[in-house]
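Take a look at the model below.

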Amino acid sequence: MKQPFPFSAIVGQEDMKRAMILTAIDPGIGGVLVFGDRGTGKSTAVRALAALLPPIAAVKGCPVNAARRADCPDWAVIAGDEMHEIPTPVVDLPLGASEDRVTGALDIEKALTNGEKAFQPGLLARANRGYLYIDEVNLLEDHIVDLLLDVAQSGENVVEREGLSIRHAARFVLVGSGNPEEGELRPQLLDRFGLSVDVASPTDIEQRIEVIKRRDAYENDYTAFMVRWQAEDAMLRDRITAARVALKQLDTPEQSLRDVAELCIALGSDGLRGELTLLKAARAYAAFRDDTALTRGHIRDVAALALRHRMRRDPLDDAGSGTRVARIVAETLGS
Amino acid sequence: MNQLARAHTALALLAMDPALGGLVIRARAGAVRDAVLAALPPHTRLRPAMGAEALEGGIDVSATLSSGTLTQTRGLLARSGAFVLAMAERAEPYLAARLAATLDAEGARILIALDEGIGEEALPPALSDRLAFRVDLEDCALGDITPAPIWPAPALLAQVCTPDDLAHTLVLLAVRLGITSLRAVGFALRATRAHAALMGRLEPIEDDMTAAVALVFAHRATQLPAQQEDAPNDSPPEEPQTPPDEEHQESLPQDIMLDAVLAALPPDLLAKLNAGGTDRGASGSGAGQKKIGNRRGRPLPARDGGPAQGRVDLIATLRAAIPWQTLRAREAPHRTGPHIRAIDLRRKRYVDLSDRLLIFTVDASGSAAMARMGEAKGAIELLLAEAYARRDHVALIAFRGAGAEMLLEPTRSLVQTKRKLADLPGGGATPLAAGLLAALAMAQQARRKGLTPTIITLTDGRANMALDGTANRAEASADARTAARALCAARVEAIVIDTGRKSEPALMQIADIIGGSYLPLPRADARSLSTAVTRALED
């Protein structure tokens, strides 16, 4: 089967790429929302992300990819303590998915053939310790959104239905994409995404031509193209792994905390989540850049990603919220 | 190239290179469409109402119950070959997203979407963007039907080379036509190569490029290139100007291709582009608009009844069967597995709250029109911004002069609203009756789509333009009352907002006839308007 289009081969869209790399470095940032026109490479980027993520070690046969035998849920039948390495899960949540499929439900096969009451894990179990990707997230059914909000908050999936009473860990990074013309997102769901990106078709002719050429090469000269770009992807993956280590040693000066707080107050972003996310994102960015301490420059570069979607919306203001963030960042932190 | 020939060429190109995605055929069911479809190899037919189980596969209930072992059905999406989606304009977001993912994942699938839409109805943009071609067979007559042409010995697609500057030329052309999606350019590139292969050429020539752009770009154009529009207003045609600071050398093949696209523009699109209404190409469907409740949503407890009346709820069915297992096992000791009879079958039920549609019907007549329209627009944007949790859709109808005009089709998108309501017309007489009737028509259409409409009328004066277009106060008032009675008979919820300085008894009367509420709101601004509407709706 064809591998997805390599992440490094995506032309432009620096914001989107940066946001995805930052969540790969620190999953605690809490996901990315990508909003933009059709045909701008949103889905391509998310599908390419999987190849960038370092593999994880999990208990063999564990339905929730637990890292230790003790973390495996008690309802799961697991043969031994054997561990194996798996790619970081990136699970697609299709729009029409029923609640059963998302949370898991009674295993109908076992119920029908053996008359046995067993639990069949759903998408949330598979996404544990990985990514949950929702394309067209703004079209998602309300009751599925409610369910996701709850699980994303608690990190635990609780199923109480059909005589089953099951719970298991469900910690995942939410990645959503959508087209704002087709509907808005609920503020509560918006807030669950750590970073948000607006993408548009490149306006630069040369860039557009490069997009077409690379896509064409991917489709018609697949082998050579993949050799070239998978090497780039591997380098990027190494940088991400190195940044994860560097992040632990990164200095966070008092001044940076002050900068972050001031910025959030000036922007009037709701709640503390914005401050925490901005700080985490700036730290991950500094680690990625291989810098030893957090500086004002790092904060400035990721402020729009972390705060754009958290500001009170003023629908009568025609300028995008990205522009407002940029203006206030320049006022507060200097340019 | 007529539309039928375009359809044949498009199908041949798709057979040559399935990565072109597919073809939208806009036509009513009939002999012409059948003639085109007859050329298709064996395919899988899909319908908009198909649920996840039919598409993705699931448990084969009857086989499982009769054999006592689990039997799975294969979903339709797992079948090989082309898909034909009938009544594609009714496809719900779920189906569109699922099909889009299937097309994305496997480059070798093609989808033929049969679009029978009327007017603005069309298949979801997420899907049409992924299909390279579109033909409109509405105007084809029986006599036009020709058999599919026999192509000269086709060459191997893999051996066809790509001219160096092709990508460059196509990108520039797309920009001039206002096509933002880069997918379209990719399609044009593929179509050029496929067309060359079809014609037995290993090196694409100009014909291949013009054919490709005419098929891929024409229906996607959102603007006419600048010099085309400016030509009539500029210098007289006798002294042709040299194109300003554009390299003549480079623009030549582009111009030939541009002519090809222009020749292939659908007539209605051409009219729209010439009128300057460019739509910015991206007319999103306004999510949820096509969604009819009661088919998905929160499940209700299952009910008994045979499978003919809906989808079987297996869990409930099993639960109903459990108490009888021991008894039935005694009756049929040779069988393994659970004993389930027809009487146990339970079917699924769902409930889904229907979305609300607020139809703003705004008086755009007279001197205060601009201000009122501006505030109505502001109120709509505020309501949209504040109302996502309540799932409201909004629409805007303006009435002035001789009649009423829909300025914003039902939508939930703030982005789309801002684009469409950039400039609003104003001035003229007050045809209140025409406004109310237009709102009623939209309300009834919305009901059929499962929305709950509310009409909000904003005006400051009395009707002075009758339905037949005569400026006669008495007749106009009578017409307005008749329209109000029609609204009342249709049981549409309504609010009449009087923005005049002192309240107008005639308007109060109209509100009374409709059975709606009357709100005097002099000097209404966007915020007070949206607050008043919210409050009135919550009552």
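This is a predicted model. Begin in chain B, where V394(B) stands opposite T411(B) in β12(B). The strand that pairs here with β12(B) is β11, residues 392-400 of chain B. Six bridges join the two, and they run antiparallel.

Now widen the view. An open sheet of six strands in chain B has the order β12-β11-β10-β13-β14-β15, and its pairing is mixed. Which strands stand at the edges? They are β12 (403-411) and β15 (517-520) of chain B. Each has a single partner strand, so one side of each is left without a neighbour in the sheet. Neighbouring strands of this sheet are turned by 20° against each other on average, direction ignored.

A helix packs on the sheet as well: α19, residues 505-514 of chain B. Helix α19 touches β13 (452-459), β14 (493-498) and β15 of chain B. Its direction makes about 175° with that of β14(B).

Next, turn to the nonpolar cores. The largest has 65 residues. Within it, I25(B), I112(B), F133(B) and F217(B) touch the most other members. Helix α8 (residues 182-198) of chain B gives the largest share, 11 residues. Where does this core lie? Domain 1 (1-141) and domain 2 (157-227 + 251-275) of chain B both give residues to it, so it lies between them.

Leaving aside residues up to four places away in sequence, its contacts include L170(B), L173(B), A188(B) and V261(B). Chain A comes in with a second, separate core of 61 residues, which includes V46(A), L49(A), V197(A) and I240(A).

Conventions:
Residues are numbered from 1 along each chain as its sequence is written. Chains are lettered from A and ligands numbered from 1 in the order in which they are written. This is a predicted model: local features need pLDDT of at least 70, side-chain atom pairs count only at pLDDT 80 or more; totals for chains, interfaces and linings use all residues. Side-chain values use heavy atoms; hydrogens and water are left out. Two strands pair if DSSP finds at least two bridges between them. Helices (H or I, at least four residues) and strands (E, at least two) are DSSP runs, numbered from the N terminus. Axes are lines fitted to C-alpha atoms, for helices over the stretch in contact, and angles run from 0 to 180 degrees between N-to-C directions. Contact means heavy atoms within 4.5 Å. A nonpolar core is a set of buried Ala, Val, Leu, Ile, Met, Phe, Trp, Tyr and Cys residues joined through side-chain atoms within 4.5 Å. Buried means under 20% relative accessible area, exposed over 50%, partly exposed in between (1.4 Å probe, protein chains only). Domain bounds come from an automatic or database domain assignment.
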